[in-house]
Amino acid sequence: MSTANDSFDPSTTLWRDGRPVYDRRDTVCVVGAGASGLAAVKNLREHGFGVDCYERETSVGGAWNWRHDRSPIYANTHLISSKPFTQFPDFPMPDTWPDYPHHSQLLSYLERYAEHFDLNPHVWFGTEVVKVEPADDTSWDVTTRSAGGAGSERTHRYLAVVLANGHNWAPKQPAYEGLDEFRGQTMHASAYKDPKELRGRRVLVVGGGNTGCDIAVEAATSASQTWHSTRRGYWYLPKYLLGRPADQVNDQMQAARLPLGVRQWLAARTLRLTVGDQGRFGLPKPDHKVFETHPISNSQLMYHLGHGTITPVPDVRRFHRSAVELTDGRQVEPDLVVFATGYLPRFEFLAPEILGADEHGRPTLYLHAFPRTYPTLAVAGLLQPDSGLFPLVHWQTVLIARWLRLRDRDLARAAAFWSRASADVGKRWNRARVKDSTRHWFEVNHIDYLRALQSALDELSPATATAARSTR
Amino acid sequence: MTSVRIMRNRDWANPVPPARREVLTATPELPDDSKPPVLFVPGFGHGAWAYAEHWLEHAAGRGFAAHAVSPRGHGNSEPAPKAELRAYAHDVVQVAAGLPRQAVLVGHGAGALVVAHALARYPARAGVLAAPVFGGWATLGLALRHNLFGTLPGAFGGKVRVGRRQLFSRDLPEPVARDYLKRIGHASRRAQWELLRSRAPEEPVGAPPVLVVGTPDDRVVPRSALDRVAARYGGAPLLFPGMGHDLMLDARWPEPLDAILDWLEKGDH
Ligand SMILES: Cc1cc2nc3c(=O)[nH]c(=O)nc-3n(C[C@H](O)[C@H](O)[C@H](O)COP(=O)(O)OP(=O)(O)OC[C@H]3O[C@@H](n4cnc5c(N)ncnc54)[C@H](O)[C@@H]3O)c2cc1C
Ligand SMILES: NC(=O)c1ccc[n+]([C@@H]2O[C@H](COP(=O)([O-])OP(=O)(O)OC[C@H]3O[C@@H](n4cnc5c(N)ncnc54)[C@H](OP(=O)(O)O)[C@@H]3O)[C@@H](O)[C@H]2O)c1
């Protein structure tokens with residue numbers, strides 16, 4: 001239910017390529033009503049902006065809304081980041097919730113966030129953004145279509161656009177020789193929903209990210225046989241260390257400002273003492289130090305390896321009619337293969353050069369949010385943090401709102417800020433030397449990244465803070 | 001001056017432990033969606049009961065969903081002898097975020113300081129600081145002057161006993177005042193100490209409008225302190241002469257509350 005656009009004034013109609021463009025003037029457009037989009041709507045409104053948010057689904061929640069067919073969430077998903085790292089900093093999760101809430105709690109949390117801050121009237125549900133194009137000044141033309149596909153397209157002109165379309169929608173599908181002739185079933189993890197699908201089957205799970213580890217654990221108790229294939233060794237972090245959520249223990253070390261090398265040594269030591277020698281479980285030795293791949297947070301994987309209910313195997317070399325050949329020459333005969341090989345960011349509605357995409361299609365941005373040459377466009381949530389996303393995306397959207405306010409009030413100061421900031425376009429916010437892999441280009445250390453946001457906000461703040469107040 | 005604070009390593013690594021909290025509520029008979037919920041926060045030693053005496057019902061009568069929380073260690077909330085100020089602020093934010101809509105936070109006495117800390121964590125619709133005790137040694141000085149033997153132990157981490165004349169005007173009948181005094185407990189030693197050291201609260205998030213109300217005849221909060229707190233939030237205090245510190249319990253309790261609710265209605269907060 002939306003009312004925000006009802007106030008259109010038809011007399012302000014402009015034209016583009018022979019189509020009418022409805023001018024929304026000082027309104028900002030947000031694409032997507034997942035966690036990032038909702039934070040953007042809230043924080044832009046808090047800074048005095050009018051907002052139109054477009055969401056192709058019929059309700060909020062994004063990835064966490066398991067009711068949406070496309071959601072990558074499976075029945076037993078629990079958070080990997082504990083509450084203090086998962087909640088929005090200004091809207092804490094209830095004390096009565098556990099350290100690592102269930103995905104259904106995340107959805108109810110996002111629904112309550114939208115209710116509490118009265119965001120729903122600004123969201124156009126069932127409306128897909130199909131095109132985002134720069135207009136002749138710094139504003140943007142956004143073309144939408146009702147998600148059913150039936151309705152005609154409409155174009156609106158906005159002061160600025162915040163892209164919060166999420167990056168866990170397009171499966172990263174690996175290619176293998178012989179895959180066509182394989183007679184077993186294959187699926188990407190995004191289509192996996194429930195352990196029922198694994199019951200009594202011989203299952204091969206490919207990929208050692210959190211999804212792969214979670215699904216391997218589910219298979220361990222449902223499938224008749226489980227192989228878990230990874231193309232490298234990893235550090236498997238338990239959810240609890242020393243009786244406390246592991247990320248809280250890690251932050252205690254970061255708060256003490258221990259140098260990275262010392263933290264890596266301490267963490268490796270702690271893992272050695274708690275988890276022990278991973279080699280004993282048949283796992284390869286990690287080819288990197290702790291914190292150099294996206295952290296895996298899973299207490300049950302080792303347990304099932306120890307029970308023999310998961311068999312670790314190396315990477316897949318190729319497929320045969322009824323078997324899968326591994327790089328060590330072994331053959332296994334699964335009847336279901338789940339590719340938990342991750343996702344690819346996609347901005348199909350936007351010309352790739354606008355975000356400075358490289359040859360792999362990866363955007364080149366300042367703070368993973370601001371493109372070099374388009375000051376009124378920003379991306380929210382395009383981050384792979386070593387903790388929860390929400391705190392980062394909250395402050396990121398506050399920064400976006402302040403930045404747009406500053407441009408509005410004081411172009412000279414905005415220009416000064418940007419000339420400094422643009423030197424950091426493409427910079428990575430991670431002290432650790434993360435492994436060069438298809439997924440790590442936007443991996444950030446939450447402390448490094450939040451510190452960078454803090455100094456950017458401090459730079460933008462004092463004048464804009466009072467300006468924002470006077471508009472209320 | 002940094003306008004927001006992002007880095008909260010302590011809260012991430014050592015979050016405030018959960019506690020069972022007492023929340024008292026008065027609901028309007030005719031719910032009015034245009035009016036935000038109001039959350040009242042009592043001062044040190046008081047509990048939600050202090051608002052349940054008059055203010056909750058009266059606010060509900062005017063169409064506001066009215067709630068009062070007892071921070072841990074107060075009222076009927078879980079005992080918390082070691083609680084810090086940040087735990088009290090946490091309790092307030094927890095309750096506020098649990099309300100269906102963005103809430104107005106109203107704090108009284110040292111509860112106003114708790115609210116000021118909470119405003120830095122939660123974008124309230126508006127903030128009201130009633131007879132705010134923001135602490136510091138001047139607060140101690142004034143308290144010593146009016147109540148030497150009740151206050152002195154507080155300076156050494158002991159129990160503070162407030163006196164009748166500090167909290168209520170002569171208009172409040174003696175037995176009623178005595179009854180209230182009996183119900184007043186005390187905050188944790190740690191929080192009392194933090195109040196004395198008085199770390200200035202951070203800038204509120206979401207730039208809420210903030211109103212300061214008080215009385216020039218307050219024997220806990222000097223007039224200069226009222227002005228200082230109000231100036232910090234860009235205004236002047238709204239004054240109710242002739243009342244004691246406990247605005248919500250004293251004989252003329254409807255006046256400050258009506259003024260607060262009028263302000264909320266007028267400002268469309
Ligand atoms: C299995 C799994 C577990 C996870 N666990 C954690 C965790 O423990 N902690 C954590 O912090 N993060 C976790 N994540 C990351 C998760 O993606 C983020 O928490 C969060 O959901 C990202 O929110 P978002 O708003 O950026 O993107 P999304 O949630 O993906 O939302 C994007 C929204 O945009 C909409 N949209 C996209 N394109 C268009 C368009 N063209 N027009 C209109 N609307 C559009 C989508 O429908 C969607 O609603 C997990 C992810 C997965 C897959
Ligand atoms: N419980 C939870 O809360 C939870 C659960 C699942 C996911 N998540 C989050 O969701 C996001 C996505 O996680 P994800 O696990 O789906 O994806 P991911 O982190 O990208 O992991 C993909 C895994 O597949 C491997 N891989 C990629 N391409 C491959 C190929 N061609 N052949 C073999 N292996 C390949 C990767 O190896 P490399 O090491 O070489 O890259 C990696 O091990 C992450 O942020 C994650 O933390 C959270």
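In which sense do strand β4 and β5 of chain A pair, and over how many bridges? Strand β4 (residues 51–55) and β5(A) pair in the parallel sense over three bridges; strands count as paired if DSSP finds at least two bridges between them. A:E55 stands opposite A:F125 in β5(A). The model is predicted: local features need pLDDT of at least 70, side-chain atom pairs count only at pLDDT 80 or more, and totals for chains, interfaces and linings use all residues. Residues are numbered from 1 along each chain as its sequence is written, chains are lettered from A and ligands numbered from 1 in the order written, and side-chain values use heavy atoms, without hydrogens and water.

The open sheet has five strands, with parallel pairing and the order β5-β4-β3-β9-β26 (chain A). Its edge strands are β5 (123–125) and β26 (377–379) of chain A. Helices (H or I, at least four residues) and strands (E, at least two) are DSSP runs, numbered from the N terminus. α8(A) lies across β3, β9 and β26 of chain A, at about 175° to β26(A). Axes are lines fitted to C-alpha atoms, for helices over the stretch in contact (heavy atoms within 4.5 Å). Angles run from 0 to 180 degrees between N-to-C directions.

The contact takes 33 residues from chain A and 35 residues from chain B. One salt bridge crosses the interface of chain A and chain B (side-chain nitrogen of Lys or Arg within 4 Å of a carboxyl oxygen of Asp or Glu). It joins B:R21 to A:D95, with the closest N and O atoms 3.0 Å apart. α10(A) gives the most to the side of chain A that touches chain B, with ten residues.
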